[in-house]
Amino acid sequence: MGTRIVIVIMLLMAGLSAGCAVNQENIHGFNLISLEEEKQLGDRFAREVEKQQRVVADPLVQAYIDRLGNRLLTGVRAREFDYTFKVVKDNSVNAFAVPGGHVYVHSGLIKAAQNETELAAVVAHELNHGVARHGTQQLTQQYGLALVTQLVMGQNQNLLAQLAASLFGQGATMTYSRGMENQADYLAVETMYRAGYDPRGMVSFFRKLDAMGQRSPGSLEQFFSSHPLTEERIQRVQAEIAKLPAKQFKDESTEFNRIKPKM
Ligand SMILES: [Zn+2]
């Protein structure tokens, strides 16, 4: 009987550690929150974010980010949510995703990008945090299922407000694991490639952001604290790109160039 318990415990432990480690290929990692619950939580999260941050209301900007987001969605592995894309008026260079497929881009990020491909790289990364459901995985690991269930049911508005604020720079309450960051990069390369964006734009933008961060650390603090741009990370992305078959890409930045001055 003793051995049986040990075996059960070992199996449980194996299951748990498999849940924590991230297999890059597997977008359906260990998740205690159902899709339906994540949608509910996502809607609450989005409302909270939009209470705290000003969404750019210009219909041209909205149409543009919708088009870019929808083009990227043609390249993702799964579309289990009703994805939304919004630009928030904030000069820091940052983007984030909340559970349930809601992606937010700071106007400062659009200013920092040189063309649509560079912007698409960061949106593709955030989008894939949503596709792989990293938000709910991370929340349950960090806060436990009981607390996340409270959030789903709208019972802990204070914590939700605090978490939302942390996404755009007020303290880092929720941070993804390194494994999740690597997976979001890995999937973003694939998404860009499939959607017709040159994934090398991700490398060039990462390098540029890294240089910017070294020149004026304050401007990128939030982005770098949640997304450390290490040389190892850039090389990992480059190695991923090198495995892809050659393809012709076209950067159509006409619309991007029209939107950027509005930021
Ligand atoms: Zn990330």
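The protein chain exposes about 12200 Å², and carbon and sulfur atoms supply 55% of that area. The areas come from the Shrake-Rupley method with a 1.4 Å probe; for residues, only the protein chains shown count as cover. This is a predicted model: local features need pLDDT of at least 70, side-chain atom pairs count only at pLDDT 80 or more, and totals for chains, interfaces and linings use all residues. Residues are numbered from 1 along each chain as its sequence is written, and side-chain values use heavy atoms, with hydrogens and water left out.

Now the fold. The chain has 13 helices and three strands. These are DSSP runs numbered from the N terminus: helices are H or I with at least four residues, strands E with at least two. Of the 263 residues, 51% are buried (under 20% relative accessible area, 1.4 Å probe, protein chains only).

Take Q137 in helix 6, residues 134-143. Q137 counts as buried because its relative accessibility is 6%. Beyond its neighbours within four places in sequence, Q137 contacts G29, F30, N31, A132 and M180 (heavy atoms within 4.5 Å).

Next, a helix pair. Helix 10 (residues 200-215) packs against helix 12 (residues 231-242) at about 165 degrees, with the axes 9 Å apart. Axes are lines fitted to C-alpha atoms over the stretch in contact, and angles run from 0 to 180 degrees between N-to-C directions. The two helices are therefore roughly antiparallel (over 145 degrees). Helix 10 brings R200, M202, V203, F206 and R207 to the contact; helix 12 brings E231, R233, I234, V237, Q238 and I241.

Conventions
Buried means under 20% relative accessible area, exposed over 50%, partly exposed in between (1.4 Å probe, protein chains only). Angles under 35 degrees count as roughly parallel, over 145 as roughly antiparallel, 65 to 115 as roughly perpendicular and the rest as oblique.
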